[in-house]
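Please look over the model below.

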Number of protein chains: 2
Amino acid sequence: MVEKTFNQTIAKYKLLKRKDSLLLGVSGGPDSICMLQLFCQLREQLRLNLVCVHFNHKLRAEADQEEEFVRDICKQNNIKFSSQAKKVTDFFTGDSLEQTARNLRFDFFLSCSRRLKIKKIALAHNHDDVAETVLMRMVRGTALKGLRGILPQTKMAGIKVIRPLIDVPKSEILAWLKDNEFEYAVDKSNLEDKFFRNKVRLKLLPLLESWNPRIRDSLVNLARTAAMDYEFIYAESKKCLAQIKKQKGRNYLKLDLKSLQSLDLGMRLNVLRLSLEELKGNTRRLELRHLEEVEDLLAGRPDGSIVDLPGWEVKKEEPWLIIKFLLTD
Amino acid sequence: MVEKTFNQTIAKYKLLKRKDSLLLGVSGGPDSICMLQLFCQLREQLRLNLVCVHFNHKLRAEADQEEEFVRDICKQNNIKFSSQAKKVTDFFTGDSLEQTARNLRFDFFLSCSRRLKIKKIALAHNHDDVAETVLMRMVRGTALKGLRGILPQTKMAGIKVIRPLIDVPKSEILAWLKDNEFEYAVDKSNLEDKFFRNKVRLKLLPLLESWNPRIRDSLVNLARTAAMDYEFIYAESKKCLAQIKKQKGRNYLKLDLKSLQSLDLGMRLNVLRLSLEELKGNTRRLELRHLEEVEDLLAGRPDGSIVDLPGWEVKKEEPWLIIKFLLTD
């Protein structure tokens, strides 16, 4: 069953080609060991070039042991292995510890990608992770974009990230490892993000499951339709933005006021969101009420009016709407 | 605060005009009594013609008392009052009791609307109801459409339904009633839907609130962006469907295969969903996997192939995709 879903996901989302070169992000936990073993089985058939990459966060006493454990499995299976150890706490900058860890880990993956000229990495997120992520986002506050949860494939800094276990439930992964007598490391970390994830996993999901035994499927379906809906809106907004007269500078974007005002409300808000995103690279601190303030500026406020948003300044200056990205942010 | 939000909501969504005629759905509970009293205050200024409508479900011992209670308030305030009493359990057809109650109640409102020639009704849903509804939908399984929660205005069978308390939290309603010394009935019913709603209110929301004190706002914001995103997708799909060559019968719709196949995946799925909805009036039993089956039919299966969906049959028959609504459903 695990193999079948793994193969179906690869086929459905066209995650692999024959003779692909691939980094495998392997922590040593059950999910990543399952993924590593499945790729070992698939290697011959698709003639894959596999490189296992492991980042040692130095956060727990067992961290070095786990690095050795993954290195050994790779040796046994004749897979190239590359690792880096960095004490995450030394790099902690006040953001969440989990975010710091994720950034360092990804920097390492990126450097491997450059050094080995491999533009694709497989990560071992599973079906439960998607359901949990949707719930976590919902609890913290989200919109359509966040509801997509974890996608089967994404792009980060030019690297294609694929997630072939995304449709496999955690329970099936654990059963499969047991049936095949594969060992794995048990992650006891409680990074901030993991801490919240654990609460969602151990308290929230069981409560919801008592009301809907298929709650994980429901959440994953929500994520999948949200992903399609988001893609659709994103593509249409992009087409629309391309047709609007504009002037672009390093940290500003001028959009033709009249064109913006002629759009339907929904399209206008999406085009504005996209403009802010393209200027800054993300819309992390952008909230609905910010967009509504810009909408208010467009609809009624006099020429010369300014709206201050976290990281942006938006000004009405006939015939332009001027969006400025504040570099000090 | 309650008055301010009530007035802002009315202005923002343009819920009222001067001299409007309006039915007020009043159960006698805190929300509807608050709404009734607010409309009494507004009546002079906007010269509103108000008719209070009350449906007596005959489900609890206090039901008749509550009807009298609402009738009395209307008499005191010189507001026309119309009521109907029907024992909901006598009409229960195996659907949920709450659904039966809702149908009977709405039939009564509809008959009042026709008799009095009033095309607008105000209902007293509040901010907490929206958050709870989003959670209930999510637990039971939903997509973008369901995430919209409860809208400030909708249309049902030609009647405009407005919800001027939609942005007022329950706590503010209760405090306002206390401050103004307005009495109200305490609803002790436990209809099936209310039962689930109560679990969401008493168990789920407090848990989520312990992680995010502003969880209700987050959920309501999600509902509001979902509503905008849904409107956007709906409008674009409608434009697209209008441009596709088609033949329409009483219970079938033929769509030009080539036009469908030329669309982007997201647009194609939305156009298919819309076609099914327009044919049947709703998409209640339609799931993502059903649309994916139709997508599969379009993409690869041979001419003459059929996909059976609950209530629909979809057939590929060059040059058409034929969607048939099965009347026996």
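## Basis

This is a predicted model, in which local features need pLDDT of at least 70, side-chain atom pairs count only at pLDDT 80 or more, and totals for chains, interfaces and linings use all residues. Residues are numbered from 1 along each chain as its sequence is written, chains are lettered from A and ligands numbered from 1 in the order in which they are written, and side-chain values use heavy atoms, without hydrogens and water.

A salt bridge here is a side-chain nitrogen of Lys or Arg within 4 Å of a carboxyl oxygen of Asp or Glu. Over all chains, the count is 40. Side chains of opposite charge can pair when their charged atoms come close.

A:R201 and A:E132 form one salt bridge, at 2.8 Å from N to O. The pair links distant parts of the chain, 69 residues apart. A:R201 sits in helix α9 (residues 192–211), and A:E132 in helix α6 (residues 127–140). Helices are DSSP runs of H or I, at least four residues, and strands are runs of E, at least two; both are numbered from the N terminus. A:E132 is buried, at 1% relative accessible area. A:R201 is partly exposed, at 31%. Buried means under 20% relative accessible area, exposed over 50%, and partly exposed in between, with a 1.4 Å probe and protein chains only.

A:R214 pairs with A:D217, with the closest N and O atoms 3.0 Å apart. A:R214 is exposed, at 56%. A:D217 is partly exposed, at 27%.

## A bridge between chains

B:E292 forms a salt bridge with A:R224, the closest N and O atoms being 2.7 Å apart. B:E292 lies in helix α13 (residues 288–299) of chain B and A:R224 in helix α10 (residues 215–242) of chain A, so the pair joins two chains. B:E292 is partly exposed, at 28%. A:R224 is partly exposed too, at 23%.

Shared partners also build a network: salt bridges join A:R60, A:E62 and A:E66.

## A nonpolar patch

A:L174, A:Y184 and A:V186 make a nonpolar surface patch of about 240 Å². Patch residues have over 30% relative accessible area and no salt bridge; nonpolar side chains (Val, Leu, Ile, Met, Phe, Trp, Tyr) are joined within 5 Å, like charges within 9 Å. Accessible areas come from the Shrake-Rupley method with a 1.4 Å probe; for residues, only the protein chains shown count as cover.

A:Y184 lies in the loop between α8 (170–179) and α9 of chain A. A:Y184 is partly exposed, at 33% relative accessibility.
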